[in-house]
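Subject: Structure handover

Hello,

Here is the structure we talked about, with my notes below it. Please look through them alongside the model.

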Amino acid sequence: MLARLNDLLDRRWLTNNGPYVQEFERRLAETVGVKHCIAVCNATVALEIVIMALGLTGEVVVPAFTFIATAHALQWQGIKPVFCDVDPRTHNLSPAQVERIVTPHTTGVIGVHLWGRPCEVEALTDIANAFNLKLIFDAAHAFACTYRGRMIGGFGDAEVFSFHATKVLNAFEGGAVATNNDELATKVRSMRNFGFAGYDEVIDLGTNGKMNEASAAMGLTSLESLKKFIAINRSNYEQYLHQLQGVTGIQLVAYDASEECNYQYVVIEIGEAAHISRDELQEVLWAENILARRYFYPGCHRMEPYSLRFPMILRLPGTEFLVTRVLSLPTGTAVGHREISRICKIIRLAVANGERIRQAVSVSRQER
Ligand SMILES: *Cc1c(COP(=O)(O)O)cnc(C)c1O
């Protein structure tokens, strides 16, 4: 990484489609097996660009159980995100629900491969074809994962990766648009760079979505270690699986062993049988300086500006079930086997003492 940084400083080509960005794009496209990978400054801007390049308008269907950027990328350009429920078993868009909420104003669907587990790509593709909708996948979690043996990145009209520091492939900040559509790729490339087509010819509306050389250098360096990161993630995941086995009411979100997966997320669901709620368990872990995180609470449809702007009485039972039950546990290269053992032991103890913890937490809340 330092050699690459020295190199780019010597070259003084710091941004504007530099050699590292070009190399990063080639490597990404090879890894994913897709015709075009266009590097962007982050995944949110990448989503905004694809949405614009595909000409989406009116309404676009998105899951309510996702990171808020998926919805914001639409609303930012005045397109209404229509929140769809997820299947509580897969945590992903329910194709049956998508079909139910499509209206004459719907122009597209954005599926999210949550935790790196692929959406029901085939069913969503059928729906998109049947209703003449564009189909985008927010693949921010799903770099290096497969769907039916094929790498994620080549499905729908386009897929968007994130290389934010918290994601499996890190470019400090970064993202990419992956597509097999030549025309779309050209358009995204131009829109990423203010709509320029050549040296001083502007042919379209655009924004500044360029990735800089330092980020591309970090992306290339991370790509070289990707296999190692995934092996560590997988070993962490398997340790959690083993050590949380038999803890009443605690269920680790499973990955399909017949697919490639990056194992970037260790997520548990806390069920009724645990006698401790998700929030109580989080409180116990935080008190032990273990930064377990709940995700996407209370659901995008209940966040602003959406819950005020669209005060429809939304019943999204799958989403509402998950937002109160999932907890993501620490993993990655900085978390060792001893820490995971300790975390699992604390979870086991907390669940075994659920009733007493519930009373203690409620007393401490009253005192606050
Ligand atoms: C991280 C993330 C994003 C945003 O990615 P950035 O690169 O940080 O803009 C979008 N969608 C999902 C599901 C994410 O997890």
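**Helix packing**

Helix 3 (residues 43-53) packs against helix 7 (residues 182-192) at an angle of about 125 degrees, and their axes are 10 Å apart. This is a predicted model. On the helix 3 side the contact involves Ile-49, Met-52 and Ala-53, which meet Leu-184, Lys-187, Val-188, Met-191 and Arg-192 of helix 7. Sorted by class, the residues of this contact are 6 nonpolar and 2 charged, with no polar ones.

A second pair is helix 8 (residues 213-243) and helix 12 (residues 337-352). The axes of helix 8 and helix 12 come within 10 Å and cross at roughly 30 degrees. Because angles under 35 degrees count as roughly parallel, helix 8 is described as roughly parallel to helix 12. Helix 8 contributes Ser-235, Asn-236, Gln-239, Tyr-240 and Gln-243 to the contact, and helix 12 contributes His-337, Ile-340, Ser-341, Ile-343, Cys-344 and Arg-348. By class, the contact of helix 8 with helix 12 has 4 nonpolar, 6 polar and 1 charged residues.

**Gly-219**

Helix 8 also holds Gly-219. The relative accessibility of Gly-219 is 0%, so this residue counts as buried. Beyond its neighbours within four places in sequence, Gly-219 is in contact with Phe-24, Leu-169, Asn-170 and Ala-171. Glu-173 is 46 residues from Gly-219 in sequence, and the C-alpha atoms of the two are 9.2 Å apart.

**Strand 11**

Which strands pair with strand 11? One is strand 10 (residues 250-252), which runs antiparallel to strand 11 and is joined to it by 3 bridges. Within this pairing, Gln-251 has Glu-269 as its bridge partner. Another is strand 12 (residues 326-329), which pairs with strand 11 in the antiparallel sense over 4 bridges. There, the bridge partner of Val-266 is Leu-329.

Regards

How values were computed. Residues numbered from 1 in each chain as written. Predicted model: local features only at pLDDT ≥ 70, side-chain atom pairs only at ≥ 80, totals over all residues. Heavy atoms only, no water. Helix = DSSP H or I, 4+ residues; strand = E, 2+ residues; numbered from the N terminus. Buried < 20%, exposed > 50% of the residue type's maximum accessible area, 1.4 Å probe, protein only. Contact = heavy atoms within 4.5 Å. Pairing = 2+ DSSP bridges. Axes fitted to C-alpha atoms, helices over the stretch in contact; angles between N-to-C directions. Nonpolar A, V, L, I, M, F, W, Y, C, P; charged D, E, K, R; others polar. Parallel < 35°, antiparallel > 145°, perpendicular 65-115°, else oblique.
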